[in-house]
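The structure is shown first, and the description follows.

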Amino acid sequence: MGSNSSRIDDLATNEYLKKLSGTESVSENDPFWNQLLSFSFPAPTSSNELKLLEEATISVCRSLVENNPRTGNLGALIKVFLSRTKELKLSAECQNHIFIWQTHNALLIICCLLKVFISEVSEEELQLHFTYEEKSPGSYSSDSEDLLEELLCCLMQLITDIPLLDITYDILVEAISTVIVFLSCQLFHKEVLRQSISHKYLMQGRCLPYTSKVVKTLLYNFIRQEKPPPPGAHVFQQPSDGGGLLYGLASGVATGLWTVFTLGGVGSKATATPELSSPLANQSLLLLLVLANLTDAADAPNPYRQAIMSFKNTQDSTPFPSSTPHAFQINFNSLYTALCEQQTSDQATLLLYTLLHQNSNIRTYMLARTDMENLVLPILEILYHVEERNSHHVYMALIILLILTEDDGFNRSIHEVILKNITWYSERVLTEISLGSLLILVVIRTIQYNMTRTRDKYLHTNCLAALANMSAQFRSLHQYAAQRIISLFSLLSKKHNKVLEQATQSLRVSLSSSDVPLPDYAQDLNVIEEVIRMMLEIINSCLTNSLHHNPNLVYALLYKRDLFEQFRTHPSFQDIMQNIDLKFPELKFKYVEEEQPEEFFIPYVWSLVYNSAVGLYWSPQDIQLFTMDSD
């Protein structure tokens with residue numbers, strides 16, 4: 001460290017690092033800390049560089065894990081950082097670059113060390129490491145001060161109170177990254193953690209009053225999408241002779257972006273992430289999702305989830321109920337715009353789902369918008385490029401559509417929005433089509449992709465449920481959309497006949513030879529018949545409620561009317577076929593999005609953190625959480 005030149009290969013033997021991690025105690029008032037924190041290190045730009053950096057420093061970090069019970073140097077470093085944060089806001093106002101630079105470096109080192117401590121020791125041991133002081137070996141402080149809780153509270157205060165300026169951009173990103181690292185103990189457990197020390201401190205005690213401010217700040221960071229300062233405005237100017245230590249391992253500067261990969265079992269596709277325009281917005285969003293998905297305490301619900309569920313529009317002047325202690329107000333128009341623009345990332349789609357699912361104020365506001373195409377089109381594009389997306393991203397996009405289609409007003413309005421020249425839809429040139437017809441085309445395409453590739457029954461069900469919710473409000477369907485509805489029914493009919501024929505042949509073989517095991521086709525038939533019935537319900541609902549508004553669908557049905565003949569006598573479809581034939585009164589049904597267990601969301605959120613966090617690297621072989629069967 002320090003101002004001396006240092007390459008990655010030299011970090012393991014760096015004299016400042018060796019003193020920090022060695023057997024000699026360093027007082028928090030020692031001038032050594034000013035020397036230690038006066039470094040600048042070029043940030044890694046790829047996951048490979050981050051891996052090399054961690055490999056170069058792991059011996060130093062492990063040495064501190066071993067020696068800290070005797071030296072208490074970790075606690076001394078944290079106290080140095082805490083003492084500096086008391087003057088951080090004033091330093092930002094006075095443009096004190098050097099002071100902010102050194103404070104950032106202190107936090108960066110703490111973040112790097114914590115990541116190793118959390119991966120190497122249990123939570124109980126970690127808490128003890130925060131109490132060790134320079135006394136006899138293994139002794140610890142007996143006073144009431146809890147350094148770990150104080151550090152967490154300080155980070156929350158830093159995130160919410162320090163103004164966002166060019167000189168504070170990186171320390172704000174670092175503070176958010178450090179809180180993520182604090183909560184990363186989940187990565188090293190196969191099961192969902194129900195309680196942990198970090199959870200307790202963040203959800204109770206001194207950190208609790210910061211709940212609404214933290215959630216609001218993280219949301220505004222996401223909304224603003226502030227880019228990092230240009231190199232000339234950066235406070236961490238690299239000296240001519242190089243820099244020191246670990247700069248970039250957990251740093252959030254723009255040059256510290258790295259290509260990510262998907263762990264096996266987390267997603268279906270490994271994709272390279274494009275360079276992020278705003279590391280601060282990215283880290284803020286990841287931390288917000290992690291906080292929102294913390295499990296409830298035994299005696300209290302998750303306050304961050306409560307805050308997300310209850311915040312209101314700045315234009316809403318109604319008082320907050322007394323039962324919502326963590327509520328706040330935020331500009332819904334700005335949030336809506338940011339959500340529309342950022343749907344290319346998993347985490348932004350998951351945030352949209354979280355808000356629609358849990359915050360009725362947001363849901364009502366979005367459904368009342370007259371420009372819903374700005375939100376729906378990015379979601380449809382995710383589904384259209386299903387082969388390029390991981391399975392969880394597709395799943396979240398589909399559930400968002402299902403939530404939206406639960407509203408009849410939405411189902412009516414999307415057929416009134418006319419779109420021109422949808423460039424990303426390549427199967428056919430669509431010079432003019434309604435948003436509703438485009439939605440039908442994309443969902444049907446997703447069903448057909450699923451039938452030939454993934455064969456996920458749940459995906460089928462949710463796609464058809466969205467179409468069923470819309471069916472009573474179908475209006476002026478595009479000719480191509482009407483054709484695709486009937487084409488899908490034709491495909492299902494052929495598949496049904498094929499499986500039925502295979503079952504019949506298998507039965508004949510088994511009767512002629514008792515030694516041949518009989519394959520079980522009953523389950524396949526049940527699944528196909530369930531899907532066919534849903535398709536018939538969709539067609540029946542449309543004909544019952546909007547027959548005169550859909551001449552293209554009527555024509556397509558008449559052109560392929562022979563497809564329905566075989567189902568009129570089938571015991572599973574007789575009732576619904578009678579409804580279609582006789583145009584009985586409306587058959588009412590509504591498919592509602594099902595509540596998903598936290599066993600799905602917590603691994604998913606941490607997979608996003610693992611893959612998308614700026615400047616954070618965990619060794620794949622150490623991760624336990626993603627060995628769960630999360631697909």
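Helix α8 passes helix α11 in a left-handed crossing. The model is a predicted one. In this pair, α8 covers residues 147–161 and α11 covers residues 211–224, and their axes come within 9 Å while crossing at roughly 50°. On the side of α8, the contact is formed by Met 156, Ile 159, Thr 160 and Asp 161. Helix α11 contributes Lys 213, Val 214, Thr 217 and Leu 218. Sorted by class, the residues of this contact comprise four nonpolar, two polar and two charged.

A second pairing joins helix α15, residues 346–358, to helix α18, residues 391–404. Their axes lie 9 Å apart and the packing angle is about 30°. Because angles under 35 degrees count as roughly parallel, α15 is roughly parallel to α18. The crossing of α15 past α18 is left-handed. From α15, the contact draws on Asp 346, Thr 349, Leu 350, Leu 352, Tyr 353, Leu 356 and His 357. From α18, the partners are His 393, Met 396, Ala 397, Ile 399, Ile 400, Ile 403 and Leu 404. By class, the contact of α15 with α18 holds ten nonpolar, three polar and one charged residues.

The two pairings are set out below.

| Helix pair | Angle between axes | Axis distance |
|---|---|---|
| α8 (147–161) and α11 (211–224) | roughly 50° | within 9 Å |
| α15 (346–358) and α18 (391–404) | about 30° | 9 Å |

For the largest cavity, the volume is about 90 Å³. Its lining consists of 13 residues, and those nearest the centre of the cavity are Gln 186, Asn 293, Leu 294, Ile 602 and Trp 606. Two elements, α12 (279–292) and α26 (598–612), each give two or more residues to this lining. Helix α26 supplies the largest share, with three residues. In terms of class, nine of the lining residues of the largest cavity are nonpolar and four are polar, and none is charged.

Notes: Residues are numbered from 1 along each chain as its sequence is written. This is a predicted model: local features need pLDDT of at least 70, side-chain atom pairs count only at pLDDT 80 or more; totals for chains, interfaces and linings use all residues. Side-chain values use heavy atoms; hydrogens and water are left out. On a 1 Å grid over the protein atoms alone, a cavity is a set of points where a 1.4 Å probe fits but cannot get out, and a pocket is an open set with protein on both sides within 12 Å along at least five of seven lines; lining residues have an atom within 4 Å of a point. Grid points are joined across faces, edges and corners, and a volume is the space filled by probe spheres set on the points. Helices (H or I, at least four residues) and strands (E, at least two) are DSSP runs, numbered from the N terminus. Ala, Val, Leu, Ile, Met, Phe, Trp, Tyr, Cys and Pro count as nonpolar, Asp, Glu, Lys and Arg as charged, and the others, Gly among them, as polar. Axes are lines fitted to C-alpha atoms, for helices over the stretch in contact, and angles run from 0 to 180 degrees between N-to-C directions. Angles under 35 degrees count as roughly parallel, over 145 as roughly antiparallel, 65 to 115 as roughly perpendicular and the rest as oblique. A crossing is left-handed if the near helix is turned anticlockwise from the far one by less than a right angle, and right-handed if clockwise. Contact means heavy atoms within 4.5 Å.
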